[in-house]
Amino acid sequence: MNRKILEVRDLRKYFPLPANPLRRGERPVVRAVDGVSFAIPEGETLGLIGESGCGKSTTVKLLLRLESPTDGQILFDGKEVQNSHGKDLRTYRSQVQAVFQDPYSSLSPKRTVFQAIAEPLHAAKRFSREEIIRRVNELLDIVGLPSTAQSRLPHEFSGGQRQRIAIARGLALQPRLLILDEPVSALDVSIRAQILNLLQDLQKQFGLSYLLISHDLDIVTHMCQSAAVMYLGKIVEIGPMDVIRSSPQHPYTRALFSSVLPTNLEQEIQRIRLHGSVPSPINPPSGCSFHTRCPSAQPICSQQLPPRITTAHGSTAVCHLLTADERTLEAVP
């Protein structure tokens with residue numbers, strides 16, 4: 001197995017709410033990310049999936065150092081980064097770049113393609129003008145755009161072309177990890193496959209690692225070697241992608257994948273409907289955070305934190321319902 005380029009250990013982010021003068025006691029907080037742990041092997045892709053509001057975007061902000069964690073560790077190539085400053089922080093930011101969801105808003109309408117791609121090169125303050133010009137031309141060729149594109153403005157391009165520009169900008173400093181935050185959800189269906197194929201080609205060509213955030217389970221299945229399923233700020237199941245897709249163990253994971261069209265159209269799929277809405281991260285349920293919507297919940301689920309269980313299928317799930325012979329005795333924090 002490849003060595004881990006990124007490790008996240010028990011990462012938490014709590015946002016304090018304004019104090020209520022009519023209430024005494026502790027100041028309420030939003031538990032946006034609540035004890036998340038995962039790792040990305042070098043050259044591979046981890047998919048982070050879950051409903052809106054589960055904590056995926058906050059996790060991305062923490063990894064990009066746009067937010068500071070309340071607790072936990074982020075390690076890149078074995079080095080802690082959550083408290084890094086100066087040269088160490090600049091190095092980390094050059095090695096970890098992002099491609100965001102909407103190419104229409106991620107590119108400034110007033111900056112040419114050359115200026116957009118050259119921006120991180122200028123910010124690095126270690127490239128001459130000739131090197132920047134050469135690098136921009138090289139990046140445009142890598143993502144399949146002509147060199148003549150560099151003098152034009154973003155509004156002159158289609159959505160797929162704009163996302164290619166955004167990818168070129170993300171590659172400018174030769175990063176080792178790209179965070180792909182819903183990279184094709186704003187594009188036409190006919191264009192999505194082209195961008196996904198480009199990303200896979202770039203991964204093979206440059207040995208890139210990806211963290212892919214997506215609501216589209218088919219895209220995650222197609223792109224990822226492993227997947228982590230988030231619910232209410234926690235990862236409830238993580239493991240190899242083929243195991244998560246074919247043999248989901250956590251009830252929430254099963255419900256998610258029961259909505260996906262099977263590859264064999266003759267295969268009968270039992271749809272699992274979840275009732276109710278996701279609880280508030282300000283006041284999460286006791287015990288298992290999923291028990292209020294779980295169709296198989298037992299009394300213990302509302303009373304105790306579930307154990308972390310390594311299943312016979314190779315995934316790790318956080319659930320009281322799995323059999324005792326599949327459990328490890330590691331309690332979930």
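Two strands count as paired if DSSP finds at least two bridges between them. Helices (H or I, at least four residues) and strands (E, at least two) are DSSP runs, numbered from the N terminus.

This is a predicted model, in which local features need pLDDT of at least 70 and side-chain atom pairs count only at pLDDT 80 or more, while totals for chains, interfaces and linings use all residues. Residues are numbered from 1 along each chain as its sequence is written, and side-chain values use heavy atoms, with hydrogens and water left out.

I start with the sheet. Eight strands form an open sheet with mixed pairing, in the order β6-β7-β8-β3-β9-β10-β12-β11. β6 (96-99) and β11 (308-310) are at the edges with a single partner strand each, so one side of each lacks a neighbour in the sheet.

Within it, β3 (residues 45-49) and β9 (residues 226-231) run parallel and are joined by four bridges. Leu 48 is opposite Ala 228 in β9.

Next, the helices on the sheet. For the angles, axes are lines fitted to C-alpha atoms, for helices over the stretch in contact (heavy atoms within 4.5 Å), and angles run from 0 to 180 degrees between N-to-C directions. Helix α6 (residues 159-171) lies across β6 and β7 (177-181), at about 175° to β6. Helix α7 (residues 189-206) lies across β3, β7 and β8 (209-213), at about 155° to β8.

Last, a helix pair. Helix α4 (residues 113-124) packs against helix α5 (residues 129-142) at about 120°, the axes being 10 Å apart. Residues making the contact include Phe 114 and Leu 121 of α4 and Ile 132 and Leu 139 of α5.
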